[in-house]
Amino acid sequence: MSVGILSLLLATIALGPVAHLEAVVQPTCNLKDNCNLGDNLLAGASSASESGDVTADKLESKIASIFEDKVNYSLKLFADDATTTILEYQTANLSQLHGTPPANYTLHQVERVSRTDEEDDQVEEDERVYLYNIGKRFLAITQPFDPARNPDASSLCRRQMHQFLAALDNFDLWALKMHDASGKLNSGILNGNINQPGDFDQCLGIQQRMKDQDAAKDQEEDSIIRGQYCLAYAQPVLPHNSKRLQSFFKLIQSHGPFKSEFNDPGHRVPRYSLINWGLCVPSGCSARDVEYSVAEFLANQTAATGITFNVRVEPQMCQVRDQRPWDRNTTWAVRFFLLVLSVAVLSTIYDRSTKAQAKQNAWFTAFSLDKNLRWLFSTSSAPGDIEAVHGIRFLNAIMLIFSHKSMAMFFNPYNNRTAMSESLGQPWTVIGRAASLYTDPFLLFSGMLTAYSLFGRLMKQQPIRLKNEYISRLMRIVPPLAALILFCTYVLPLWGSGPQWNLVVGHHADICKKNWWRNLLFIHNYFGFSEMCLTHTHHLGIDTELFAVAPLLILGLWRWPRRGLFALLLLCTVGTAARYYTTIVNQLSNYIYFGTNIQRLFRTADYMYSFPPHRSTVYIMGILLGYVLRKYQNAKLSSLQLRLGWLVATVCVLASLLGPAPMGDINYVYNSTHAAIYAAFAPIAWCLFFSWIVFVSHNGYTNKLTRLFAWRGFQVSTKLSYAIYLTQFPVFFFNVGRRRHIHHYYNFVSIILDTNEFISIFLASVALTVLFDAPFQNLKKLLIKRPTPAKPAKESTACGTAGCQNATTLASKPSSTALLQAHPHSD
């Protein structure tokens, strides 16, 4: 019996439906009924056994009829022409069932059965009903968000949502893409996989023309339904009497390395406690409409549970693919950079074509790429160079990059954020949490180099022209800074896109459009982090303001050594006490401990970190260090003094770095006394260690550590340091903003040591240096001439050593300008 059934089925496939029109009975199962072929077979067999007069041929005819109905429906779906190649079978072994020679049953072409219009309509209706049933079951699992439920939704939003929902019921591809692009719950929620960005590119790629009757109503509005990606923020509010529920949400929120609220600025520090959810909706709906629908949906899901959600959808976090041309400011910014590049190319051509001449015009070679690259990668040191400074700067710059990168990585959505938080809640993470500590040596060396240069001229009785000093510094730091502001404000926002692009890139650009002038006046550190253009440049304001008063302190120390020394030590004491007091009163924390409140971080930045009087202690230490290097050059130290000095320096560095290690524990509870001690004394201890290294190495007492810091290769990093300081955060936030998908956190080293990012920072720094930094240093040397010694015959008597003559040469040589100027390239 089974052999006969199989033979009939194969014959049905080979001969097509026409051969059986007279033999089959009316099919009892349609595809839209979602019936099962086996059920009909059993039903047929059962009736045959009961009646006894239903023969095997009739049963096989019934089977063939059901199978034929399935095949004809499939052919209707997939056949586009009158004759369409559908399927080809090669069944060489089927003949073994019949004991006959091998035979091939092949279906090459099937001709569509002639149908009437009524039958075609019926097939289309069957398909529509079939897909409608699938759609209903699919949407029952994941309901689409309906922004039009907002009572204040616009008529355009309502019409677009009506068409979208109708198309979704009809299983239209564009509507399915829009629904599919929205984020949905996934596994691993208790492991921190709560942020769901959805599919950003799929959403923005949707375009669908509205129906004629709807488009006619939108004569002045866009008649195209575009996919709009909105990133919604939700914050759960839990009942206080449920400890178990709070422990669950603690896992969902990954233990909260940063405790955030809605009102916290999110463009600089991640609002880690908030749930980020990507939604794809029609472009006619506003952020307010989306916010209403998300809040309503969450309220329905958590009704009668005691859990509530605060929801926010910011207008700038709703994005549509924008094809508008550049605005006027962007056009002029691009023209400016093209002009600078053209000048550099022309200067390079002139440099190469006149290289054989006896003398070149220095003005025409100022922008030469060849000349500036040779200077940048040259490792030759000027006489009197304090070589250990270069290595110390490099070490602290690398530590700063790691710290800043670790801050940026918390913006990224990981599917195992809880595991990541637990791995980072260890005492060893003090290395990345002490970001403020790594900025202090740059202030130290800024004060030291300023004092070292001015004391050298005073010893040689050279005139001090403060106006030239200030102009020289401005020409050193303003061109690269202005170029970066212009680029990040008008050019960088057009270079990419992503779920968080408008938060970490676009929002920065909007702030810079309003407040860029504060940066160029170097007063932006007084206006708070939340409204600061390029927040990482606040150190420029601190360093410039301290540099402005440094000559007065240096002259006072030179003219009245004892009183000047007492005054400087008194200022250091007052600054240290002020840091301690401010930390206690305002509950601040210079150390980023686990569970840091973002509001506390911003208060610390505003009241402590960016306030020059509170950062002046290490700068004054630098002035004293510069004075000591001049006053006690070639000092003789006994072995006991050296051992004692290294012991004290080692204790200082261990205390400043490892002392706050318990504050990095995941269960640490904030203690204002601990925070105040760290804020007051850690910068002093950290800078004492490097001051000792500079002092002993400059006086000839070297060891493996001092020789390592004095390696000539670090001079390249010193020349690049300012540009690296400027470019690292734009590169980090560029990658954060364009990240579209969830990643898996493996380990801290694999995230920090991102080769692509380091290469990008290096190339961007080289470009900024050779196009803006070095050229304007060349122009500065042509505009500002260093004064010659007033009494050359008495130089050695006044100095007492040949080192002063070297210092004069250092101060007068153009190649040493980078050393004498401060390199404010810390956070």
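Me: Happy to start with a definition: buried means under 20% relative accessible area, exposed over 50%, and partly exposed in between, with a 1.4 Å probe and protein chains only. What makes glutamate 531 buried, exposed or partly exposed?

Reply: Glutamate 531 has a relative accessible area of 35%, so the residue falls in between the cut-offs and counts as partly exposed. A word on the source: this is a predicted model, where local features need pLDDT of at least 70, side-chain atom pairs count only at pLDDT 80 or more, and totals for chains, interfaces and linings use all residues. Residues are numbered from 1 along each chain as its sequence is written, and side-chain values use heavy atoms, with hydrogens and water left out.

Me: Thanks! Why is the contact between arginine 352 and aspartate 370 called a salt bridge?

Reply: The term asks for a side-chain nitrogen of Lys or Arg within 4 Å of a carboxyl oxygen of Asp or Glu. Here the closest N and O atoms are 2.5 Å apart, so the pair qualifies.

Me: And what makes arginine 352 buried or exposed?

Reply: Its relative accessibility is 55%, so arginine 352 counts as exposed. Aspartate 370, at 15%, counts as buried.

Me: How do you know whether glutamate 314 and arginine 271 are buried or exposed?

Reply: Glutamate 314 has 12% relative accessibility, so this residue counts as buried. Arginine 271 is buried too, with a relative accessible area of 10%. These two residues form a salt bridge, with the closest N and O atoms 3.5 Å apart.
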